[in-house]
Amino acid sequence: MTCSAGVQRACPADLPGGGAAPAQLGGPGPARPADDLYAPGEEYVFGLARPGRGAAVVSTARLHNHFYGRIPCEDDLVDRIAKEGAHELGHLLGLDHCDETSAVMYAPRSLDELDRKRKMLCTACAARLVAG
Ligand SMILES: [Zn+2]
Ligand SMILES: [Zn+2]
């Protein structure tokens, strides 16, 4: 599997319905999973959701071990995509970020923080989801 990062794109402008992307924020067209993404105020993001538009994207660019000079591992990649996908789905369902570092709605600031998360909601987020 190859996954060169290529051009870094701005998430908000590239998500469906996000409007035209300012030229300095990246090229035109929708974000693709292998695009390296960033958002205003962030050097990079693993993914982004726009609940109001029902749209979300997960970038695989920084989820690969080789991006960090580590030994490639397909299981690690699939695990991270599942966590980030669940995280963005949580946003689409109305959940915000969570301070519980082991919970799926925690916003990791590094690959190691992402790897320490589990694919589960914390008790408080699960209750918020059930309560609507
Ligand atoms: Zn998030
Ligand atoms: Zn939580």
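1. Let's start with the largest nonpolar core. In this predicted model, nine residues make it up: Ala31, Leu37, Phe46, Leu48, Ala49, Ala56, Val57, Val58 and Leu63. Two elements, S3 and S4, each give two or more residues to this core. The biggest share comes from S4, with three residues.

2. Now for the two strands themselves. S3 covers residues 47–50 and S4 covers residues 55–58; the pair runs antiparallel and is joined by four bridges. Across the pairing, Ala49 faces Ala56 of S4. The hairpin has four residues between its strands, and Gly54 there has a positive phi, near 65°.

3. A separate core of seven residues lies apart from the one in point 1, and among its members are Ala103, Met105, Tyr106 and Cys125.

4. Next, have a look at helix H2, residues 74–92. Its 19 residues reach 27 Å from first C-alpha to last, close to the 27 Å expected at 1.5 Å a residue. After the helix comes Gly94, with a positive phi near 100°.

5. Which residues of H2 are buried? They are Arg80, Lys83, Glu84, His87, Glu88 and Gly90. These lie on the same side of H2, because the arc they cover around the axis is only 150°. As a reminder, residues three or four places apart in an α-helix point the same way, because there are 3.6 residues a turn.

6. What covers that buried side? The cover over the buried residues of H2 includes S3, S4 and helix H3 (111–116). On the face turned away from the buried side, you'll find the exposed residues Glu74, Asp75 and Val78.

7. A word on confidence before you zoom in. The average pLDDT for the protein is 82, and 77% of the residues score at least 70. Residues 1–6 have a pLDDT below 50, and that stretch makes nine contacts in the model beyond near neighbours in sequence. Residues 16–27 are also below 50, with 24 contacts beyond near neighbours in sequence. Where pLDDT is low, the predicted coordinates should not be read in detail.

Note on methods. Residues are numbered from 1 along each chain as its sequence is written. Chains are lettered from A and ligands numbered from 1 in the order in which they are written. This is a predicted model: local features need pLDDT of at least 70, side-chain atom pairs count only at pLDDT 80 or more; totals for chains, interfaces and linings use all residues. pLDDT is the predictor's confidence in each residue, from 0 to 100. Two residues are in contact if their C-beta atoms, placed from the backbone, lie within 7 Å. Two strands pair if DSSP finds at least two bridges between them. The expected span of a helix is 1.5 Å times one less than its number of residues. A residue is buried if 20 or more other C-beta atoms lie within 10 Å of its own, exposed if 12 or fewer, and partly exposed in between; C-beta atoms are placed from the backbone. The arc is that of the directions from the helix axis to the C-beta atoms. A nonpolar core is a set of buried Ala, Val, Leu, Ile, Met, Phe, Trp, Tyr and Cys residues joined through C-beta atoms within 7 Å.
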